[in-house]
Amino acid sequence: MTPPLDVAAIGIGPFNLALAALADEVPELSFRAYDRKPRFDWHPGLMFDWATVQVSFLADLVSLVRPTSRWSFLSYLADRDRLYPFYVAERFHLPRREYADYCGWAAERLPSCEFGTDVTALRWSADRRMWTLTLDHAGVQSTQDARHVVLGVGTRPTLPAALHPLRGERVIHSADYLSTVDDWRGVGHVAVVGSGQSGAEVFLDLVQRQRSHGWAVSWLTRTATFAPLDYTKLVLEYTTPEYMRYFHGLAPETRDRLVDRQWQLYKGIDSETIDAIHAELYAHLLDGDRPPVHLYPATAVSSATAAGAGVLLGCENADTTTHSVLAVDAVVAATGYRADVPDLLDPVRDLIRWDDRGRYRIAVDHRIDTLPEVTGGLYVQNAELHTHGAAAPDLGIGAYRSATILNAVTGSEVFRLPKRTAFQTFGGVRSPGGAA
């Protein structure tokens with residue numbers, strides 16, 4: 001039996017990688033992170049050469065909490081001998097492939113990261129006051145005890161109900177786009193469903209490939225417009241720790257209402273991508289002989305039927321309430337991701353307290369609410385949109401959330417956290433008479 005860990009992290013995406021990087025600076029803490037993948041891999045299906053990360057390079061694994069850490073993005077640049085080129089480039093938003101390479105650089109060097117190991121089950125022993133992880137490494141099973149566990153298993157691609165039965169080679173989620181598109185044969189018309197950043201990037205790539213592939217492209221979104229990401233300064237404060245704490249203190253029904261209204265904070269299209277799309281459409285206009293390209297706002301896919309090798313999409317327009325059918329050969333669904341409860345929690349589901357919609361109840365320090373006999377912490381990363389708001393999926397909250405969890409499990413302020421992160425006062429006037 002290996003000694004019990006203080007903290008075991010399940011899943012190694014950017015958020016648990018941030019946890020591993022910060023835990024590396026706490027030598028008295030025994031920590032290990034596990035992932036079934038053989039190496040760090042981040043959104044390979046959308047790793048376009050030209051795509052950028054939508055947040056500042058300061059939203060790396062550690063800098064917003066520990067800027068002097070050896071795991072910072074600037075340390076990575078120094079190790080790669082790219083500090084001066086980066087300085088001259090004056091980049092604020094990183095190329096996505098550079099951010100992924102940075103995370104891979106850290107994952108390869110952090111001794112606590114164990115890839116190729118699948119956590120298949122989690123159990124709680126009240127007698128020993130321990131979590132027990134069942135591990136599978138290349139078919140060899142073992143167990144590992146831990147006092148606290150952090151779930152960072154990520155979100156799963158989701159398809160609309162109408163498209164789900166047809167998922168296959170020609171009906172795919174955008175997460176699989178780059179690993180699939182080069183294998184398409186005989187495709188004359190492609191539809192992109194969904195208008196977030198992923199949908200915009202897939203659409204742009206399809207139109208750019210149009211000259212060589214000769215396909216028509218249609219882009220459908222149920223939203224009223226192909227809406228931009230709201231990246232204005234005061235709106236960005238809604239992704240800060242200060243707003244996250246305020247949001248957590250609201251009533252659950254209020255939180256759900258706000259999340260629905262704030263979708264442009266995390267689902268919109270960045271302005272650079274919109275500009276690139278318009279430039280490509282203008283080039284399409286100049287070419288004159290390319291196959292047609294159509295953009296359909298306020299149009300939802302209500303049904304999908306297989307028709308030979310293609311698909312018939314039933315479409316409903318919200319403005320005119322009319323129904324139409326669009327015949328296509330392939331569909332890319334850029335329809336988002338969902339934080340599903342992983343199967344590994346099946347043995348402890350009865351120990352978890354769920355809200356009335358079957359979601360985790362989560363404390364402000366990101367600990368899942370469990371029955372009193374569970375004395376070990378069960379924490380979660382990026383599954384708390386409903387309790388912590390639009391900051392939950394934002395890379396800029398990764399270091400802060402990980403530091404919050406590490407402070408909680410150690411019972412001390414190992415990492416000093418910023419006390420004021422927004423100019424706005426959320427929740428209304430607090431001083432007598434409304435004075436500033």
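This is a predicted model: local features need pLDDT of at least 70, side-chain atom pairs count only at pLDDT 80 or more; totals for chains, interfaces and linings use all residues.
Residues are numbered from 1 along each chain as its sequence is written, and side-chain values use heavy atoms, with hydrogens and water left out.

Helix H6 itself covers residues 197–213, and its 17 residues should span 24 Å at 1.5 Å a residue, which agrees with the 23 Å between its end C-alpha atoms; the expected span is 1.5 Å times one less than the number of residues. At valine 207 the helix bends by about 25°, the bend being the angle between axes fitted to the seven residues ending there and the seven starting there. Because 12 of its 17 residues are buried, H6 is largely enclosed by the rest of the structure; buried means under 20% relative accessible area, exposed over 50%, and partly exposed in between, with a 1.4 Å probe and protein chains only. Among the buried residues are Phe203, Leu204 and Leu206, and also Glu201, Asp205 and Arg209.

Another buried charged residue is arginine 170, which has no salt bridge, since the nearest side chain of opposite charge, glutamate 169, is 4.9 Å away; a salt bridge requires a side-chain nitrogen of Lys or Arg within 4 Å of a carboxyl oxygen of Asp or Glu. For charge, Lys and Arg count as positive and Asp and Glu as negative, while His and the chain ends are not counted. Arginine 170 is found in the loop between strand S9 (156–157) and strand S10 (171–173), and, leaving aside residues up to four places away in sequence, its contacts (heavy atoms within 4.5 Å) include Trp184, Asp329 and Val331.

Across the whole structure, a search finds 29 salt bridges. One of them joins glutamate 242 to arginine 420, with the closest N and O atoms 3.0 Å apart. Glutamate 242 lies in helix H8 (residues 241–248) and arginine 420 in the segment after helix H12 (398–410), so this pair ties together parts that are 178 residues apart in sequence. Glutamate 242 counts as buried, at 16% relative accessibility.

Arginine 80 and aspartate 101 also meet in a salt bridge, at 3.3 Å from N to O. Asp79, Arg80, Asp101, Glu108 and Arg109 are linked in a network of salt bridges.

How values were computed: Helices (H or I, at least four residues) and strands (E, at least two) are DSSP runs, numbered from the N terminus.
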